[in-house]
Amino acid sequence: MTEDKFDAVRRDMVETQIRRRGVADPRVLAAMSQVPRHKFVPSHIWDQAYNDYPLPIGEDQTISQPYIVALMTQTLEVKETDKVLEIGTGSGYQTAILAKLAAQVYSIERIASLEAKAQKVLEELGYANVHIKVGDGTLGWPEEAPFDAIMVTAGAPQVPRPLTEQLALGGRLIIPVGDQWSQTLTLMRKTKEGLKTEYHGGCRFVRLIGQHGWKEGWVAEF
Ligand code: SAM
């Protein structure tokens with residue numbers, strides 16, 4: 001597929017999968033129209049990059065479905081002055097969308113090979129406001145806190161306390177919370193009166209593994 005073809009397929013993705021399902025924030029729609037999603041997936045599946053489902057990116061991990069990326073981004077209400085923390089860099093695609101909308105993006109990935117690939121593609125595409133490191137994102141990034149917005153792109157058994165602690169007053173945190181098969185998109189706002197919680201529908205993510213997430217190698221018992 002030529003770059004022109006990718007542009008056309010991407011416009012179609014935004015129209016049919018995202019706008020028509022109710023995502024209306026013009027800044028989010030513009031970012032989703034601009035970021036070349038195919039560059040974030042292995043080249044042998046570039047022809048599927050704009051399809052309506054998650055794709056494998058190696059290490060048993062996935063790049064999320066485009067609609068989920070758009071929905072989470074819109075729900076997080078990212079402003080252009082925001083300092084954002086993302087947990088679960090994965091391919092770096094969501095990082096790129098956030099980088100289009102915010103002032104600075106800090107992102108943590110626990111798998112070093114994924115972090116290296118994401119770092120490379122984000123550099124090649126010229127994102128200068130992105131900072132990525134390998135680590136356990138359930139601990140947050142305390143040296144850079146507070147954050148105006150935090151996005152967790154892996155499914156958690158509960159909201160990791162370090163993340164709510166690292167949220168600025170007025171800040172928002174979005175995170176899928178549930179068991180390992182299904183979760184609820186959960187938005188928390190830090191207000192003067194405390195944390196306010198909203199729920200934004202069901203979803204299914206790979207597991208958030210770490211000190212305040214799932215334990216590595218955890219297996220379900222029936
Ligand atoms: N946002 C990504 C993208 O656009 O490609 C998709 C993320 S993928 C669904 C979830 C990612 O979270 C995986 O790459 C996984 O390794 C990572 N992850 C899981 N637990 C983590 C943790 N404690 N800290 C950082 N990353 C974690």
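In which strand is Thr-186 found? Thr-186 is found in strand E8, which covers residues 183-191, where strands (E, at least two residues) and helices (H or I, at least four residues) are DSSP runs numbered from the N terminus.

This is a predicted model, in which local features need pLDDT of at least 70 and side-chain atom pairs count only at pLDDT 80 or more, while totals for chains, interfaces and linings use all residues. Residues are numbered from 1 along each chain as its sequence is written, and side-chain values use heavy atoms, with hydrogens and water left out.

## Two threonine side chains

With a relative accessibility of 5%, Thr-186 counts as buried; buried means under 20% relative accessible area, exposed means over 50%, and partly exposed lies in between, with a 1.4 Å probe and protein chains only. A polar atom of the Thr-186 side chain lies 2.9 Å from the backbone oxygen of Thr-184. Thr-73, found in helix H3 (residues 66-76), is likewise buried, at 1% relative accessibility, and its side chain reaches the backbone oxygen of Val-69 at 2.5 Å. Polar contacts of this kind are pairs of N or O atoms within 3.5 Å; within protein, one atom must be able to donate a hydrogen and the other to accept it, and residues adjacent in sequence count only if both atoms are side-chain atoms.

## The ligand and its shell

The shell around the ligand holds 27 residues, of which Ser-91, Glu-109, Asp-136, Gly-137 and Ile-209 come nearest; a residue is near a molecule if one of its heavy atoms lies within 4 Å of it. These shell residues divide into 10 nonpolar, 12 polar and five charged, where Ala, Val, Leu, Ile, Met, Phe, Trp, Tyr, Cys and Pro count as nonpolar, Asp, Glu, Lys and Arg as charged, and the others, Gly among them, as polar. Strand E2 (61-63), strand E3 (83-87), helix H4 (93-101) and strand E4 (104-109) each supply at least two residues of the shell, and E2 gives the most, with three residues.

| Protein atom | Ligand atom | Distance |
|---|---|---|
| Ser-91, polar side-chain atom | oxygen | 2.6 Å |
| Asp-136, polar side-chain atom | nitrogen | 3.0 Å |
| Gly-88, polar backbone atom | nitrogen | 3.3 Å |

Taken alone, the ligand exposes 610 Å², and the protein buries 99% of that, the areas coming from the Shrake-Rupley method with a 1.4 Å probe.

## Backbone features

Most residues other than glycine have a negative phi, and most peptide bonds are trans.

A cis peptide bond, with omega about 5 degrees, joins Ala-145 and Pro-146, and Pro-146 lies in the loop between strand E5 (130-134) and strand E6 (147-152).

Gly-170 has its place in strand E7 (residues 167-178) and is partly exposed, with a relative accessible area of 46%. Gly-170 and Ala-149 are 21 residues apart in sequence, and their C-alpha atoms are 9.0 Å apart in space.
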